[in-house]
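I opened this entry to record what I looked up, strand by strand and then core by core.

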Amino acid sequence: MKSTFPLFPDSASSLSSHVDALYIIWALVSVFFTILIAGLIVFFMARYHRSDPEQVGVEERAAVWLEILWSAVPLVVMLAMFAWGTRVFFQLYRPPADAVEYTAIGKQWMWKVQHPEGQSEINALHVPVGQSIKVKLASEDVIHSFYIPAFRIKQDAVPGRYTSLWFKATKPGVYHLFCAEYCGTEHSRMIGSVYVMEPRDYETWIAGGVGGKSMVASGADLFTSLACVTCHRPSPGVTQRGPNLEGVYNSQVKLADGRTVIADDNYVREAILNPFAKVVAGYDPVMPTFQGQVTEEQLTQLIAYVRSLGSTGSAPAGGTGGTPAAGTAPSTAANTPQTPGPAAPQK
Ligand code: CUA
């Protein structure tokens, strides 16, 4: 019914029908109460109108049960709708653990997409059907908004931090990708296409692409070329100037000022661009900023690499080598919450 209803875009993701159901039921409930209340107003106007000019109004007292009824019923309806809406909201904003991470960087006026395998594309996003995909969003300039109507998802891409959304496409096809935040003169032309392909076709597409390095491999290269290795790789007998990054991702990090933070994407990003903001306990603030030296793409690659170094105890996947820094690194990575997460999918 919905697919033939011209006001609705295609319904092509695992959650689009949930969003539609919520929307339609909400609309029907609103229409029902609007008609009920408007109807009663008209009815009472007719029923209780003044029939002669001398008539004086009489004060009416509503029965207590009636007052309770017309307060309790809307309350229950509202709470039910709230609970349902919250459920859908959390489904929309919590990617499943098996989601593969892509990045999309907004820039006046295009979307630059990076695949975990290394492919990049502009104003296009190729994905396999049936695979949960998390899109990490960043912006190079102003606020953009990543919007795929057929999947019923929309999320701002904000300069200076990461946001994300996720979807699982359920129907092969080509769908609109829009920028849904006014971002300058050519905002209306900041559009693209999402190509949902059968997994076999997607494999062919990925294989036929310009052979780029995976996000993790590119990040590992940067880690060396930007000389991050000189301070962030443990070498026996040398006092380490920066924390060993193995096992740091998504762990709790104790800071010099006593705070504890989670080393998530936004934390790693800030550590690279603004190293003095959150100095790890036990280290001096000696790290230079890399502001202006790394692009948004390179930042996401570096973060993918740091994530590939895993949480505490897991083997490094990147290739910086080095033994776990027993005794050299502060025990910041203890009690790491092991997030199974989309840990650097590699082909
Ligand atoms: Cu980007 Cu509107």
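I began with strand S6, residues 144-148, and found it mostly covered, with four of its five residues buried. The model is predicted, and I read each entry with that in mind.

Next I looked up the partners of S6. With strand S7 (residues 153-157), S6 pairs in the antiparallel sense over five bridges. I noted Asp156 in S7 as the bridge partner of Ser145. The hairpin of S6 and S7 has four residues between the strands, and in it Arg152 takes a positive phi near 60°. S6 is also joined to strand S9 (residues 173-179) by two bridges, and these strands run antiparallel. Here Tyr147 has Phe178 in S9 as its bridge partner.

I then turned to strand S4, residues 124-128. Five of its five residues are buried, so S4 is largely enclosed by the rest of the structure. I checked which way the residues point: Ala124, His126 and Pro128 go one way, Leu125 and Val127 the other. In a regular strand, side chains alternate between the two faces of the sheet. S4 runs parallel to strand S10 (residues 191-197), and five bridges join them. I wrote down Ser193 in S10 as the bridge partner of Ala124.

Last, I looked at the cores. The largest nonpolar core has 36 residues, and Trp111, Phe146, Phe151, Phe167 and Val194 have the most contacts inside it. A second, separate core has 33 residues, including Cys228, Ala263, Leu273 and Tyr305. In soluble globular proteins, nonpolar side chains tend to be buried together.

For Phe151, I set aside its neighbours within four places in sequence; its contacts then include Ala12, Phe167, Tyr175 and Val194.

Methods: Residues numbered from 1 in each chain as written. Predicted model: local features only at pLDDT ≥ 70, side-chain atom pairs only at ≥ 80, totals over all residues. Heavy atoms only, no water. Core = buried A, V, L, I, M, F, W, Y, C linked by side-chain atoms within 4.5 Å. Buried < 20%, exposed > 50% of the residue type's maximum accessible area, 1.4 Å probe, protein only. Contact = heavy atoms within 4.5 Å. Pairing = 2+ DSSP bridges.
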